[in-house]
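Dear colleague,

Please find below the structure I am handing over to you. My findings follow directly after it.

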Amino acid sequence: MKFSALLLAIFWTATCTAATLGPEVAIMQIKFPKEKQPREVVIGLYDESTPATVANFKSLINQKFYNGLRFHRAFPGSLIQTGDPSSRWGQTDKIGTGGPGFTIPAEIRLKHNKGAIAMARLPEKINPAKHSNGSQFYVCIEALPKLDGQYTVFGTILAGLDVLDEISKAPTNSNDFPLPKITIKSIVLAPRTPAADPR
């Protein structure tokens, strides 16, 4: 049993270390209230480690699914979440439960390092296979190892983590919903250049 656990740990570490970024990045433009110009965030994607998740994310981007959605959860200096289509209409009791009408099989291989992007999902009581929500994702403002092995990490922030950190510190209501209307203006795909890679 101990030997099996050791092999699993070695496999986990090797998988996380070997993760490489794919040929495209996602460029997200974020609109803050009272600011004329949106702020930019660049997302690197792990196509090889999480192919189904990245393919779905790119498909939604090409459909302009994310345009106009709000950031609907924020925890200061820790985590922010977006991707719920019902957030277009502001705070409701259903915020955090919406999606495109389907889920994605789990691809739980990578760690929740600082800047990691992962898919949200329903709790294990009703989702024992840990299938990911079809569209909702969150960003780790700091490393969150307690989430490792629980959710599908499919990308990392290459630029603009400070912008997302600012969102995490916005005032919220009792449901952790940011009160300022901070929205995704757009997300587009573009070729990845070596200059964009994290150091």
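The buried residues of helix H3 are covered by several elements, including strand S1 (24–31), strand S2 (39–45), strand S3 (71–75), strand S4 (79–82), S7 and strand S8 (153–159). Helix H3 itself spans residues 161–168, and its buried residues are Val163, Leu164, Asp165, Ile167 and Ser168. Please note that this is a predicted model.

Leu164 also belongs to the largest nonpolar core, which has 32 residues; Leu164, Met28, Ile30, Ile43, Phe57 and Tyr66 are the members that touch the most others. Helix H2 (residues 51–62) contributes the largest share of this core, namely four residues. A further core of 18 residues lies apart from it, and Val25, Leu79, Ala116 and Ala190 are among its members.

Ile43 deserves a separate entry. Beyond its neighbours within four places in sequence, Ile43 is in contact with Val25, Ala26, Met28, Phe57, Ile117, Thr156, Ile157 and Leu158.

Turning to strand S7, this element covers residues 132–140 and includes Ser132. Ser132 has a relative accessible area of 1% and is therefore buried. Leaving out residues up to four places away in sequence, Ser132 touches Thr103, Ile104, Met119, Ala120, Arg121 and Thr152.

As regards confidence, the protein chain has a mean pLDDT of 88, with 84% of its residues at 70 or more. Over residues 1–17, however, pLDDT stays under 50, and the model has 11 contacts beyond four places in sequence for this stretch.

With kind regards

Definitions and conventions: Residues numbered from 1 in each chain as written. Predicted model: local features only at pLDDT ≥ 70, side-chain atom pairs only at ≥ 80, totals over all residues. Heavy atoms only, no water. Helix = DSSP H or I, 4+ residues; strand = E, 2+ residues; numbered from the N terminus. Buried < 20%, exposed > 50% of the residue type's maximum accessible area, 1.4 Å probe, protein only. Contact = heavy atoms within 4.5 Å. Core = buried A, V, L, I, M, F, W, Y, C linked by side-chain atoms within 4.5 Å. pLDDT = per-residue confidence, 0-100.
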